[in-house]
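The sequence and structure come first.

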Amino acid sequence: MLVLTRRANQSIMIGADVVVTVLEVRGDQVRIGIDAPRSISVHREEVFRELEAANREAASTASGALEGLTALRPPPDRRQKDR
Amino acid sequence: MTEEELPELHFASGLPGFPDVHRFVLVRLGDEASPFSVLRSLEEGADVEFVVTHPGLFFPDYEPEIDDDTAGRLELESADDALLLVIVTVADPVADSTANLLGPIVVNRHTRTAAQAVLGSSGYATREALVPTT
């Protein structure tokens with residue numbers, strides 16, 4: 001892993017068009033600003049990892065389990081709930 | 001209607017956990033009244049499928065805010081351009097099945113491009129009960 005030391009308001013460039021800026025350091029928290037093209041998605045790692053795990057679990061459903069599912073319907077109280 | 005005749009969805013970035021799976025087809029699961037469909041990969045060698053549903057049926061109050069980046073990438077101009085689906089994790093018994101409201105699938109109805117959005121600070125979870133527990 002590349003390790004760089006930066007101060008508040010200093011930045012790091014990743015490639016030609018991703019800029020990561022340290023905005024503020026306070027105690028054990030760091031606020032970071034990220035400028036990146038739209039084609040690059042930026043997420044908090046733990047949120048992304050959670051989504052990966054959820055997708056893998058959802059994709060591994062045995063097809064046998066699907067049989068009962070088609071009978072499952074939205075509960076009427078939810079369907080007609082007022083907005 | 002065979003699968004081949006159904007419109008293909010294209011996930012330019014794949015899905016988290018499946019970055020290399022781009023081409024999917026949406027097939028209804030069960031009869032016409034079924035609220036569920038299967039999102040099935042068309043990629044060779046990638047035998048991936050997800051059960052999906054329309055979130056409005058089970059979660060009428062669900063109103064995710066799609067981030068500008070996702071909307072931009074899918075070239076969505078208004079909310080009407082978007083078809084929203086959520087991935088279901090099927091459990092045994094099926095009444096314990098959950099839906100992933102943290103990462104809804106957003107489809108541009110016109111271009112058939114799609115992506116899984118990540119609602120970072122929404123408070124939604126990846127496992128919300130489809131049927132309320134009593």
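The model is predicted: local features require pLDDT of at least 70 and side-chain atom pairs count only at pLDDT 80 or more, while totals for chains, interfaces and linings use all residues. Residues are numbered from 1 along each chain as its sequence is written, and chains are lettered from A and ligands numbered from 1 in the order in which they are written.

**Chain A**
- Of the 83 residues in chain A, 8% are buried (20 or more other C-beta atoms within 10 Å of the residue's own; exposed means 12 or fewer, partly exposed in between, with C-beta atoms placed from the backbone).
- Contacts (C-beta atoms, placed from the backbone, within 7 Å) between residues of chain A at least 6 apart in sequence include 0% that join residues at least 24 apart.

**Chain B**
- Chain B contains 2 helices and 9 strands, in the order β-β-β-β-α-α-β-β-β-β-β.
- Along the principal axes, the C-alpha atoms of chain B fill a box of roughly 40 × 35 × 25 Å.
- Buried residues account for 35% of the 134 residues in chain B.
- Among contacts in chain B between residues at least 6 apart in sequence, 46% link residues at least 24 apart.

**Contact between the chains**
- The contact involves 29 residues from chain A and 38 residues from chain B.
- On the chain B side, strand S4 (49-53), helix H1 (55-58), helix H2 (68-73) and strand S5 (82-89) each contribute at least two residues.

**Helix H1 of chain A**
- Helix H1 (residues 45-59) of chain A has 15 residues and spans 21 Å from first to last C-alpha, close to the 21 Å expected at 1.5 Å a residue (1.5 Å times one less than the number of residues).
- The buried residues in H1(A) are A:Leu51, A:Ala54, A:Asn55, A:Ala58 and A:Ala59.
- These buried residues fall within an arc of 125° seen down the axis of H1(A), so they line one face of the helix (the arc is that of the directions from the helix axis to the C-beta atoms).
- A:Glu45 and A:Glu46 are exposed on the other side of H1(A).
- The cover over the buried residues of H1(A) includes S4 and S5 of chain B.

Key
Contact = placed C-beta atoms within 7 Å. Helix = DSSP H or I, 4+ residues; strand = E, 2+ residues; numbered from the N terminus.
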